[in-house]
Amino acid sequence: MITTEDEARAWLRALPECDDAAMTRLERLVDLLVEENQRQNLVSAGSLDQVWLRHIVDSAQLLPHVPRETSLPWMDLGTGAGFPGLVIAALRPELEVLMVESRTRRIEWLDRARIAMGLERSRIVGQRLEMVETCQVGVISARAFAPLDRLLTLSARFSTSDTIWLLPKGRSAQQELDDLRKWRHVFHVEQSLTDPQAGIIVGNLTGRKGKTK
Ligand SMILES: C[S@@+](CC[C@H](N)C(=O)[O-])C[C@H]1O[C@@H](n2cnc3c(N)ncnc32)[C@H](O)[C@@H]1O
């Protein structure tokens with residue numbers, strides 16, 4: 001378990017995707033987030049004391065579940081403050097990361113941050129997910145977006161049989177999966193590295209085992 005800011009940064013530096021340029025992009029994100037959080041309530045003020053643990057690594061821990069050769073777009077639902085979408089894009093800048101967000105001020109923030117971080121391949125999709133044109137993506141992520149059954153109903157149309165789903169669900173992960181009627185068998189819960197009580201729901205709609213860490 002990663003528990004301190006030093007451990008969080010050390011864990012990141014050990015990721016194969018985290019070269020000096022990626023670390024610079026992430027540091028830029030942290031600076032911008034701290035500044036913007038004084039203007040709009042993006043994340044709880046208390047969480048900024050542990051921003052590397054609570055937001056950066058909490059997002060980056062999804063990456064080891066995705067094969068590095070994946071080249072189809074990564075779609076992040078309800079990116080809000082930038083998590084996990086901007087972190088994934090900072091670490092995999094060659095990927096097209098589509099960040100879906102409906103609130104105007106958050107859309108503006110995400111696009112400012114994306115540009116400042118030099119993320120040319122990524123895109124902010126500034127509309128409600130329900131209105132987004134159907135396309136096929138390689139990965140679907142969503143942190144604190146919607147209850148699992150609603151999330152799956154809203155976004156299954158973007159999934160192929162190979163699409164990897166990565167859904168950080170906090171403490172409710174196992175319960176939400178247990179409550180799910182359809183598709184329950186294709187997902188499993190992975191332990192979060194940043195919170196001993198939290199889980200990440202992982203899977204694809206065929207139930208094939210994906211990459212494990
Ligand atoms: C609780 S926040 C989580 C933000 C971010 N994923 C995080 O973990 O910090 C949920 C975000 O989803 C956005 N959202 C909610 N419903 C949406 C929808 N139907 N389409 C697009 N965005 C939506 C909200 O505007 C909000 O920014």
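Predicted model: local features only at pLDDT ≥ 70, side-chain atom pairs only at ≥ 80, totals over all residues.
Local features need pLDDT of at least 70 and side-chain atom pairs count only at pLDDT 80 or more, while totals for chains, interfaces and linings use all residues. Residues are numbered from 1 along each chain as its sequence is written.

The ligand is surrounded by 16 residues, the closest being Gly78, Gly80, Ser102, Leu129 and Arg143; a residue is near a molecule or strand if its C-beta atom, placed from the backbone, lies within 6 Å of it. The shell consists of 6 nonpolar, 4 polar and 6 charged residues. In this division Ala, Val, Leu, Ile, Met, Phe, Trp, Tyr, Cys and Pro count as nonpolar, Asp, Glu, Lys and Arg as charged, and the others, Gly among them, as polar. According to the unreviewed UniProt entry, the feature "binding site" is placed at Gly78, Phe83, Leu129, Glu130 and Arg143. UniProt positions follow the numbering used here, feature names are shortened, and annotations may be inferred rather than shown by experiment.

Phenylalanine 83 lies in the loop between strand S1 (74-77) and helix H4 (85-91). Helices (H or I, at least four residues) and strands (E, at least two) are DSSP runs, numbered from the N terminus. Phenylalanine 83 is buried because 26 other C-beta atoms lie within 10 Å. A residue is buried if 20 or more other C-beta atoms lie within 10 Å of its own, exposed if 12 or fewer, and partly exposed in between, with C-beta atoms placed from the backbone. Beyond neighbours within four places in sequence, phenylalanine 83 is in contact with His55, Ser59 and Arg143; contact requires the C-beta atoms of two residues, placed from the backbone, to lie within 7 Å.

Arginine 143 occupies the loop between strand S4 (137-141) and helix H6 (148-155). Arginine 143 is also buried, with 23 other C-beta atoms within 10 Å. Residues up to four places away in sequence aside, arginine 143 touches Phe83, Pro84 and Pro168.

In helix H3 (residues 51-60), 9 of the 10 residues are buried, so H3 is largely enclosed by the rest of the structure. The buried residues of H3 include His55, Ile56, Ser59 and Ala60. Their cover includes helix H1 (5-13), helix H2 (20-36), H4 and strand S5 (159-168).

Valine 87 is located in helix H4 and counts as buried, with 26 C-beta neighbours inside 10 Å. Apart from neighbours within four places in sequence, valine 87 is in contact with Leu26, Ile56, Ser59 and Ala60.
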